[in-house]
Structure formats: C-alpha cells, structure tokens
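The paragraphs after it take them in turn.

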Amino acid sequence: MYNIMTPGPTKVHPLVLKARGRVCTNPDLDMNFFEEYRSLCERISKLLHTKNKTFILSGEAILGLESAVASLCEKEDRILVISNGVFGAGFIDFTNIYGGNAVLYEDDVHSGINISKLASYLKEDHNFKFATLVHCDTPSGVLNDIDSICQLLDSYGILSVVDAVSSVFTCDIDVDQSNIDILIGGSQKALSVPPGLTLMTISDRAFQSMEKRKEKIASFYCNLLNIKNYYEEKQFPYTMPIHDIYGLDASICRIEQEKDRYLHHEQYAKAVRSSFVAYGLSLYLNDSYSHGVSTFNVPEHIKCDDILNKMKNDHQIMIAGSFSYLKDKVIRIGHMGENSNMEDITLTLDALDQTLTELGFKGKGKLKDYFLNQLNP
Ligand SMILES: *Cc1c(COP(=O)(O)O)cnc(C)c1O
C-alpha cells in the first residue's frame with residue numbers, strides 16, 4: 001500500500017470510507033435522498049459563502065469544466081481564456097468543441113496573473129460572454145487572485161467560470177463577494193473523497209444566460225439546465241452515485257467541524273516551501289503559492305523519474321511529477337485535505353531527503369528538521 005502524497009487523489013479518511021459503506025437506497029425514488037442531497041448542497045454553499053445553489057454531479061471534475069463551457073458557450077461566442085498554466089490554457093479545448101471563439105490571454109507561468117496588466121487588456125477589449133480561469137493551476141501550484149480577477153470581469157459584465165478543483169477547501173473562497181458565476185470543485189483533491197464527483201456553484205445570471213440561448217445545448221450529460229430544477233421536479237437527469245455522495249457528506253462534516261482549517265493549510269504549505277529552500281532546492285514559482293501543493297525544480301543531473309520511482313519503491317510514498325511543458329522538470333508534493341498532517345509530511349520529506357542524497361544531491365542539513373522547526377519553533 002502506498003502513502004499517496006500527490007496533489008490529488010489524496011488520502012481518504014476512514015470516516016469517509018465508512019460513510020461510503022452505508023446501506024443503499026434507490027436515489028430516484030427515495031424522497032429522503034432528495035432532501036439529503038439538497039441539504040448537503042446547501043451546506044457546501046454555506047462553506048463557500050454563497051447564496052448560489054451548489055450541484056453535485058456524477059463525474060470527475062473534468063465534467064464540471066466541460067459542463068460549464070457546454071452550457072454557456074454558443075457558436076461564435078467570444079470567450080476569454082485566462083491562462084498562466086496547463087489547466088488555464090486547457091479551456092481552449094472545451095471552447096473549441098462547443099464552437100466558441102476562444103481568445104487566449106496568457107501571463108507569466110511563474111507568477112500569479114498580474115491584475116493591472118489584465119485590467120489594461122480588458123479596458124481595450126471586453127466583448128466576451130464569459131471568461132475561464134483557474135484558481136490553483138495544479139501542475140505548477142500557482143494560486144491566482146480570483147477575487148480581484150472575477151470582480152474585474154464582473155465590472156464589464158463578463159461571466160466567470162473558475163476551476164477551483166485543487167484549491168477549494170484549502171483556502172477560504174467567498175463566491176458572492178468575488179462575484180464568481182460558476183465555481184468548480186472536485187472530490188479527490190482537498191475534500192479527500194475518492195475521484196468521481198464534481199461540485200459546482202452556479203449563479204442565477206449564469207442560468208439565465210443558459211436559458212436565453214438561441215441554440216440548444218449540444219450535450220445531455222453536460223447540460224446544466226437538466227439538473228437545475230431537480231428538487232422541484234423530484235427528478236435527477238441520471239441516477240445519482242449515492243455512495244460517493246455519502247462519502248462527500250462525511251468529508252463536509254469533517255470540514256464543518258475543523259477549526260482553523262485554512263490557517264493550518266497555509267502554515268503547512270509555507271513550512272514545506274521554506275524547508276525546500278533551506279535545504280537547497282529551488283521553487284518553481286516566484287510568488288502566488290498554493291496552500292495545497294508545493295513544487296520544486298528537479299535538481300540538475302538528476303532524473304525526475306528516478307526520484308519518483310525511488311520514493312515509490314524504497315519508501316512506498318507516491319509524490320508527483322507534472323505534465324505538459326512541466327513534464328520531467330518539476331516535482332510536486334500534495335499536502336491538501338487529509339494529506340495535510342505533520343506525520344505524513346515529515347515522513348515524505350525524510351524519504352525525499354534520503355532519495356535525493358542517494359541520487360547525488362548535496363542538501364544542506366535535514367529536510368524534515370527544517371519543516372518541524374518551522375512548525376514548532
Ligand atoms: C485535478 C484537477 C482537475 C481534474 O482533472 P484530472 O486531471 O482529471 O484530475 C481539473 N482542474 C484542476 C486545476 C485540477 O487540479
């Protein structure tokens with residue numbers, strides 16, 4: 001059995017596993033299930049500080065990204081795709097599939113989106129139906145200031161679609177204050193529920209935009225209007241994955257009971273980063289670090305795969321490389337949700353220290369000691 005210290009999927013808590021073992025009902029016919037589903041959605045909206053409705057869809061978080069675009073985008077609509085990373089630019093693919101006219105806005109991949117640069121750009125060109133952006137672009141770990149960006153978009157009447165899959169519940173997100181029209185989360189990141197669910201909060205004006213379309217939405221599974229009135233109509237568009245939802249409920253309970261969750265995530269992330277630096281590793285990012293994943297450059301003369309394989313084979317710990325233009329260049333440790341605990345992070349850093357040393361890297365001091373000293377000065 002591996003210790004999964006990756007930026008998703010993350011470790012699953014025994015209470016979540018237990019909840020997934022609950023006796024099953026028929027979610028299409030049992031009226032209690034409609035109540036349970038709705039109340040869970042309401043609790044999620046509350047945690048995200050929004051009056052918007054939350055929906056839980058049966059499908060990994062990519063379903064959320066695609067559904068948002070499929071439901072909003074009509075042929076020839078101009079869509080602004082804001083990107084400083086892999087998932088950011090990835091929205092181009094969805095807008096192309098649904099016939100939109102994507103305009104890519106790119107910024108430095110080593111930093112958060114620069115707000116004043118984006119503001120000057122929008123001043124010149126703001127004729128967009130909606131914009132897509134990523135809160136934490138997980139392959140690098142860059143955390144964008146969605147509050148400033150979405151308020152800026154809102155000032156031009158541009159709807160916002162935010163991929164917060166790997167950031168949601170690692171830091172406080174205030175959907176209403178930021179005017180986020182569609183916020184997308186997934187089960188397998190900081191929620192620490194097995195992969196399989198997408199969460200979305202959807203604003204009234206996003207739904208109105210879908211209802212005003214001239215063309216029909218070219219999908220059934222990705223058509224968000226199909227789930228909009230599930231409660232009033234007592235009908236889901238498809239049978240809900242009831243055990244996944246029971247697991248999610250248990251995870252939300254844990255989050256509701258946790259004090260200082262976001263402060264804890266922030267402190268642990270900071271301690272991991274500063275131990276990398278003290279030890280002599282270099283961080284990939286210059287600023288805008290996420291609270292759920294830390295990324296360092298693969299040291300010169302060492303192969304990324306050698307580090308990952310040694311960690312896996314000698315220590316039974318999985319950490320992650322990255323993909324796209326970051327493949328073989330960086331290593332990531334996921335410390336979000338249930339992964340964010342002293343014991344696992346210490347074990348991981350100690351194993352990483354041994355691994356790097358055996359591969360010829362000369363670190364300064366002990367990686368895990370820096371981490372522990374930072375947390376217990
Ligand atoms: C994990 C993640 C997703 C979902 O993608 P998978 O590759 O299928 O896990 C989407 N967006 C972001 C930012 C993510 O971190």
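**Cysteines and aromatic rings**

Cysteine 171 counts as buried, because its relative accessibility is 9%, and the cut-off for buried is under 20% relative accessible area. This value, like every other one here, was computed from a predicted model. The sulfur of cysteine 171 has its closest cysteine sulfur in cysteine 136, at 8.4 Å, which is too far for a bond.

A disulfide is a covalent bond between the sulfur atoms of two cysteines. How many disulfides does the structure hold? The number is zero, and cysteine 41 is accordingly in no disulfide, the nearest cysteine sulfur, that of cysteine 253, being 14 Å away. Cysteine 41 is also a buried residue, with a relative accessible area of 3%.

The second topic is the aromatic rings, of which the structure holds 16 pairs. One of these pairs joins tyrosine 230 and phenylalanine 236, whose ring centres are 5.1 Å apart and whose planes meet at 10°, so the pair is stacked; planes under 30 degrees apart count as stacked. Tyrosine 230 and phenylalanine 236 are both buried.

These two residues also belong to one aromatic cluster, which is formed by Phe33, Phe34, Tyr37, Phe55, Phe207, Tyr230, Tyr231 and Phe236.

Methods: Residues numbered from 1 in each chain as written. Predicted model: local features only at pLDDT ≥ 70, side-chain atom pairs only at ≥ 80, totals over all residues. Heavy atoms only, no water. Disulfide = S-S within 2.5 Å. Buried < 20%, exposed > 50% of the residue type's maximum accessible area, 1.4 Å probe, protein only. Phe/Tyr/Trp six-rings, centres within 6.5 Å; stacked < 30°, edge-to-face > 60°.
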